[in-house]
Protein chains: 4
Amino acid sequence: MGTPYERAAAGVECAAEFGQVRQRSVHLAEPLSPEDCCAQSMPDASPVKWHLAHTTWFFETFILEPREADFRPFHPAFRVLFNSYYNGVGDKHPRPQRGLLTRPALADVLAYRADVDRRMARLLAQHPADPELAALVELGLQHEQQHQELLLTDVKHLLAQSPLFPAYLDAPLAASAPVAAPAWVDFDGGLAEIGHRGPGFAFDNELPRHRQYVAPFALASRLVTNGDYLEFVEAGGYRDPSLWLAEGWDKVARGEISHPLYWVQRDEVASGRGAWQEFTLHGLQALDPARPVTHVSLYEADAYARWRGARLPTEAEWEFAARDVAIACGDLHPRAAGSAGLAQMFGECWQWTSSSYAPYPGFAAAAGALGEYNGKFMINQYVLRGSSCATPHGHTRATYRNFFPAGARWQFTGIRLAR
Amino acid sequence: MGTPYERAAAGVECAAEFGQVRQRSVHLAEPLSPEDCCAQSMPDASPVKWHLAHTTWFFETFILEPREADFRPFHPAFRVLFNSYYNGVGDKHPRPQRGLLTRPALADVLAYRADVDRRMARLLAQHPADPELAALVELGLQHEQQHQELLLTDVKHLLAQSPLFPAYLDAPLAASAPVAAPAWVDFDGGLAEIGHRGPGFAFDNELPRHRQYVAPFALASRLVTNGDYLEFVEAGGYRDPSLWLAEGWDKVARGEISHPLYWVQRDEVASGRGAWQEFTLHGLQALDPARPVTHVSLYEADAYARWRGARLPTEAEWEFAARDVAIACGDLHPRAAGSAGLAQMFGECWQWTSSSYAPYPGFAAAAGALGEYNGKFMINQYVLRGSSCATPHGHTRATYRNFFPAGARWQFTGIRLAR
Amino acid sequence: MGTPYERAAAGVECAAEFGQVRQRSVHLAEPLSPEDCCAQSMPDASPVKWHLAHTTWFFETFILEPREADFRPFHPAFRVLFNSYYNGVGDKHPRPQRGLLTRPALADVLAYRADVDRRMARLLAQHPADPELAALVELGLQHEQQHQELLLTDVKHLLAQSPLFPAYLDAPLAASAPVAAPAWVDFDGGLAEIGHRGPGFAFDNELPRHRQYVAPFALASRLVTNGDYLEFVEAGGYRDPSLWLAEGWDKVARGEISHPLYWVQRDEVASGRGAWQEFTLHGLQALDPARPVTHVSLYEADAYARWRGARLPTEAEWEFAARDVAIACGDLHPRAAGSAGLAQMFGECWQWTSSSYAPYPGFAAAAGALGEYNGKFMINQYVLRGSSCATPHGHTRATYRNFFPAGARWQFTGIRLAR
Amino acid sequence: MGTPYERAAAGVECAAEFGQVRQRSVHLAEPLSPEDCCAQSMPDASPVKWHLAHTTWFFETFILEPREADFRPFHPAFRVLFNSYYNGVGDKHPRPQRGLLTRPALADVLAYRADVDRRMARLLAQHPADPELAALVELGLQHEQQHQELLLTDVKHLLAQSPLFPAYLDAPLAASAPVAAPAWVDFDGGLAEIGHRGPGFAFDNELPRHRQYVAPFALASRLVTNGDYLEFVEAGGYRDPSLWLAEGWDKVARGEISHPLYWVQRDEVASGRGAWQEFTLHGLQALDPARPVTHVSLYEADAYARWRGARLPTEAEWEFAARDVAIACGDLHPRAAGSAGLAQMFGECWQWTSSSYAPYPGFAAAAGALGEYNGKFMINQYVLRGSSCATPHGHTRATYRNFFPAGARWQFTGIRLAR
């Protein structure tokens, strides 16, 4: 594990990264009122305040509790209140009732964060070269970054429930220049190595690296845009059952979905339907035809692809294609494609694949409560690849496997075609 | 309508009462944080902030809009956001989603209140002797007083969802002296006049006054206490279907009810079940056997009465007995009986009757949206009589008809036996 | 209880009546296939076969088991399978799963009936003058008559689920002559005696007879017809919330009700909506404007009355008016009014009242399992008076109290206006 | 397509096979009463009568209607009544209401079958060498064989709802000899060809044959037995969340699953729990420890495998291993393993794999309504391989892909371990 000097330097770096990531969570809550931070718009979403507390609970429970000599919990009730899904840790507050936790107040949760941060800093200073501690801190920070993205998508969903359509960010979005039609980028495929190869951090679900045969394929050079998708809507895509998976058509037939989640069609004049708008973190904006379509379910992505005579990529194809693509970071709303070649792989929208979320051959979950992190969710979910405009800097890899149920729409999900 | 002098005096009095009632709503919210005021614990309950806004909306919509010369709404979206159930006014924000209205913030709602109060004061000063205006103001204030009670019971329900059991009021409850067994107070009955007789305010559902034959009956001299009810619980009252109405037993059999809503049985020691406590607006308190049992459904009240070989009163019996009883006001939690004779008719707990909520013979709802106030709810609800510890001063009458579904438990409901 | 001769004669009469009532149940099933007799169209309805078995279970459980010297059950499992709701008897087969009881077969249930009938006949012959036995037999027969009506309404509901609209009876309905507009029949009211007065049979819920004050009122001389009700439909009655109780409007707004249950509007020509038809036990028939509207909920009856500027009667008013009206029997579908005066009180449609189903003053349920017959259902149900075209001969009284939830529509329910 | 002689011979063979398969469906219904054939025990299951009619509808709709010169439907309503899920054909009778179709009677459905069989025979005689017709007939027969298996599992589910536990077959099951512990059978894997290779029939979901890399693996030499699984139950397998996928644990925690679907634990003596029994098509039988465990969900299969330190196979592994295994046919209940080597691959229980049901690379659904056969269900389902004791003779292939949701338990599903 390196020389003492290297280890001390690693400890300092770890502490610095800890401070930066932790500070960013608080920063993300700054545009919001205590009320905004408390409400829960649906069982799948969590309050901002809960995200701030739960990520802190992670450090307190998995690092401070077993390692602090004189450990005492910040508040004994928080162990239950802010446990998400770790059966190994004990009881949990019921998920659909997180929005009823008006106490502790936002200020109390910020005090909780400050206390745990102080104790974590002390612990890191005491053990600058403990690799097991460093690994747990790294996991805690990656976990917090996942919640930073969820915090943004959850608060977007909450604000979208209001007829006032309040903006998270004041600045309006600029209109984009038109984009060209997508090209097909071909790949030879072959017997490929799939999954993470060290030395950096990866989640257990990216391991082990293994061989997989990938037949020749092509990916679209850019994401599907609002303009592309509007053609599908206007051509009656939501009225033709032959385009849809049976489960998706059931939703369409029940009237649950008829356009992307945040598209809004408001009356412009008394007689007649208005132009499409899109609710964004910048508030309600005219639908920009050049930006990627986002907040679609796998059902919609699949139906759109079928309508275009194409299909969705598998996750192995996507990873094969992305291996040498430079990581890009996003800006809280997907941007129009600019570059040539294989564009928008990272930093705009998560890209639905046709691959169900399953363990890689040889996958083994960690022992204890942390083993619940990923493995137990490998059922009835589908893999999304890439990253989104809400993914934090430093949280992106070509091997990263995000996953959601096929009907989920409140993440920044988009469509890349394959054939 | 009196001399000009009398009318001017009435105008001043109306303005003064307006200010007092309106101020009390704000006062009730003072112990609460913005988060406490925003959350909604169940579809039947509303956020405190919503109560503050909706009562204001009532004055703005039914008084200012038709009477202000240059009427402009405080905010155009509020007409829909804060409409409760008046189809005649137009669209409504969906009731189960009131807790997602993090905007407008509490401060904005308080500004809304101040603006409407200012404009109402101006209108009242301009029309000091307009009897129709005075009647509408009176209705608006009575409406606001109803919401003051709901505000308290709704926030109690919200706070009860937290494992922290936070108190609305800091001061603990004092233990009560023991109370004697109840006596039976006999009434001759006969052909009685039931319903409101002027001149004071009454809701339309208390009218018209009409004749009803009441057979001889007796009422218990006091409410059923926690101690009385605990005997029922410990005797297996919740395990014997022969005591229950079929719908009530269904709830018991599904495990939905097994004790009054806010009773809590916490472990005192590791081995064995603890003593009963009760969640109150003063926080969690030891169950006081002398205080009235409260937060019970009609199903529980009926089963308890059957177990005691008694029954619940009809609303006519209750009104007949209450005609000459002095009004008393409450103190946010029911108190033990003190006086002799027919005690605790007012100011402690609403008393379930066996009477369904139905129109009096000759009842006619008002025209227009205000006609939706009462009549359309006269189905599948049961009448409660008296008033509770949360009923505002000045909002109590012997002819008052409160009503809730048989399963409702979050109001201050209690039990008075009859035979 | 009379002389020995009278008692012997009463015993013979009891046995004869037993045979007639029991035989009629079997007769009612004759037009049906074993499959028709097995299916259950909704949890509120029961299969024909279940009715045949449960009424037999009643005699076996409440008469043979305690009185037969060498009692052995016909089949030990039937005690649970065919218990409806008597907690005092023990476990029950879940109500919504009655339609899955393909075994015992219809033939086996008919054998069960024959066996119990034979043993009942023997018991009645052994105890010709036992008044307690006679009373239980009478209760069992009245119970069976109630199930005969349910059998007909349940099988009508089942047949209505089929797109083939099969008829229970082959003969088509004849068109009726037009009927005149209804007149108002006035009653003075006063302090009236309400409830059953001996010596004949009555259910416990018709007792005790008691005094009630009835203000002067008027009843419509006939039931509301299909033609009357069609005016309400065509005038937009189902689109105006001001006509409806709030719960009823919720159903309308959700699209659950938009016309009487069995009205069908079929395309006559490719372009345009067809004429109204009505599904009857005689199959699909053209809607006859002269016949009474039937299969409406209390919500619809109430809204219709409000639209006509009238109201529904109370049950005391209805009984007051019906005291001297001759009983008439029906013919499996309501017929147009023929006579003058107060017509159609019996034998056409049950008439919704505005009275909730509540115990009469002094009501006491019987001890034991039979005490569950009526009392435990006295909550959230409304009283219907009269009788219907499906009520058996000999099962009608002016004091009879039928009861159903406000939303029930599959009985032969109709509307009589009051004011 | 061969010489004229070969073609004529093929036509005769086709007609003979048609008659045999069609006759077997009728034969399967023979032990059942008309009531047994009509009832529907849950929305996922269909009545026997519906299976008999729907398979007939398939031939009438997809073969007779486009090919018969003077086509007239047997009954115009059947087109809707017996359409399962083909949007391309038009409306469908709602699936959960199939059990309410008491009409047409079973006898009428048998007449429908006879009529379509007669017309099919005539058509086949007219076109003895039409390869497109022969392919459609083959598809229709394969479709009918699928429904023969469903008919058996659906009727088993129905009979299991009855407290009488009626048997489909009279003969009791014989006890099996004990079986040895399973061995591991190793496979090298490699770049394998997966999917059907002609010339025989295959469903579109088995195509196209394609390359897939399979890492070295091992399969258990036999299926998991009741005895094996009982160890898991008795060791608390249903009480340990760490063994379960999160969705599966939710079901366990809600009390929905605690043992295989048809295991029954009846009281043998008044005090204490009885021995395990198993409901089978032969009625209730003592649980045979040597027979394969069956009627388990994927959740249970996965938890069991984890508890044994093993895993479920992928579908590619299973197919790789099964390539040279001889097909065996079953006997309506799984039998104990007899042979050495890789036993029980076919004819006992469908074997859950960890593979989600997804299109093979290059999969293309057929055009028109028949394209709805498989493709639209490729979401949130998991593949099962092999065949079961209820799979018809001639309906088994190593490349066959059966699929059900992870929670489905009413099929003959079992467990084969991999590592």
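## A salt bridge between chains B and A

D36(B) and R103(A) form a salt bridge, with their closest N and O atoms 2.8 Å apart; a salt bridge is a side-chain nitrogen of Lys or Arg within 4 Å of a carboxyl oxygen of Asp or Glu. Between chain B and chain A the count is 4 salt bridges.

This is a predicted model, in which local features need pLDDT of at least 70 and side-chain atom pairs count only at pLDDT 80 or more, while totals for chains, interfaces and linings use all residues. Residues are numbered from 1 along each chain as its sequence is written, chains are lettered from A in the order in which they are written, and side-chain values use heavy atoms, with hydrogens and water left out.

## The interface of chains B and A

The size of an interface is often given as the accessible area lost when the parts come together. Chain B and chain A bury about 2,200 Å² between them, and carbon and sulfur atoms give 62% of this area; buried area is the accessible area (1.4 Å probe) that two parts lose on being put together, summed over both. Within chain B, the residues that lose the most area to chain A are E35(B), L100(B) and R103(B), which together account for 33% of what that side buries. The contact, meaning heavy atoms within 4.5 Å, takes 31 residues from chain B and 31 residues from chain A.

There are 8 residue pairs in polar contact between chain B and chain A, both residues being at pLDDT 80 or more. A polar contact is a pair of N or O atoms within 3.5 Å; within protein, one must be able to donate a hydrogen and the other to accept it, and residues adjacent in sequence count only if both atoms are side-chain atoms. On the side of chain B that touches chain A, the elements giving two or more residues are α2 (34–38) and α6 (131–160) of chain B. Helices (H or I, at least four residues) and strands (E, at least two) are DSSP runs, numbered from the N terminus. The element α2(B) gives the most to this side, with 4 residues.

## The interface of chains A and D

Here 22 residues of chain A are in contact with 22 residues of chain D. The two chains bury about 2,000 Å² between them, 59% of it on carbon and sulfur atoms. Of the area that chain A buries against chain D, 32% is supplied by Y213(A), I379(A) and N380(A), more than by any other three residues.

Between chain A and chain D the count is 0 salt bridges, whereas 9 residue pairs are in polar contact, both residues at pLDDT 80 or more. The elements of chain A that give two or more residues to the side touching chain D are β3 (210–214), α8 (246–253) and α9 (298–307).

Chain A does not touch chain C, and their nearest C-alpha atoms are 13 Å apart. Chain B and chain D do not touch either, their nearest C-alpha atoms being 13 Å apart.

## Cysteines

The structure holds 0 disulfides over all chains, a disulfide being a pair of cysteine sulfur atoms within 2.5 Å. For C37(B), the nearest cysteine sulfur is that of C38(B), 8.6 Å away. C37(B) is buried, with a relative accessible area of 0%; buried means under 20%, exposed over 50%, and partly exposed in between (1.4 Å probe, protein chains only). For C389(B), the nearest cysteine sulfur, that of C349(B), is 6.3 Å away. C389(B) is buried, with a relative accessible area of 2%.
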